[in-house]
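The sequence and structure come first.

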Amino acid sequence: MDKFVLALVIIGALNWGCIGIFGLDIVGVLFGGQGAVFSRIIFTIVGLAGLWAFRFFSKLSSAE
């Protein structure tokens, strides 16, 4: 599950990078715009993955 979450967080980060640099929302382009239902589902899943990724901080501190 952690690898899947990490992949989603990376996808989200790359999408935000493209928005910041190029003004292009890749998820929106691929799935029908930012307001499209499927795009909103993808955004929600990526957001939940970001919340799940907070667990990685506890794993980092226990690995040191």
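## Helix H3

Ser39, Val46 and Ala49 are the buried residues of H3. Because they cover an arc of only 85 degrees around the axis, they lie on the same side of H3; the arc is that of the directions from the helix axis to the C-beta atoms. Buried means under 20% relative accessible area, exposed over 50%, and partly exposed in between (1.4 Å probe, protein chains only). Val37, Arg40, Leu48 and Leu51, on the other side of H3, are exposed. The buried residues of H3 pack against H1 and helix H2 (26-31), where contact means heavy atoms within 4.5 Å.

This is a predicted model: local features need pLDDT of at least 70, side-chain atom pairs count only at pLDDT 80 or more, and totals for chains, interfaces and linings use all residues. Residues are numbered from 1 along each chain as its sequence is written, and side-chain values use heavy atoms, with hydrogens and water left out.

## Helix H1

In H1, the buried residues are Val5, Leu8, Gly12, Asn15 and Cys18. They sit on the same side of H1, because their arc around the axis is only 145 degrees. Exposed on the other side of H1 are Lys3, Leu14, Gly20, Ile21 and Phe22. Just after H1, Gly23 has a positive phi of about 70 degrees.

## Salt bridge

One salt bridge (a side-chain nitrogen of Lys or Arg within 4 Å of a carboxyl oxygen of Asp or Glu) is found in a search of the whole structure. It joins the side chains of Asp2 and Arg55 (3.2 Å, N to O). Asp2 is in helix H1 and Arg55 in helix H4 (residues 55-63), 53 residues apart.

Technical notes
Helices (H or I, at least four residues) and strands (E, at least two) are DSSP runs, numbered from the N terminus.
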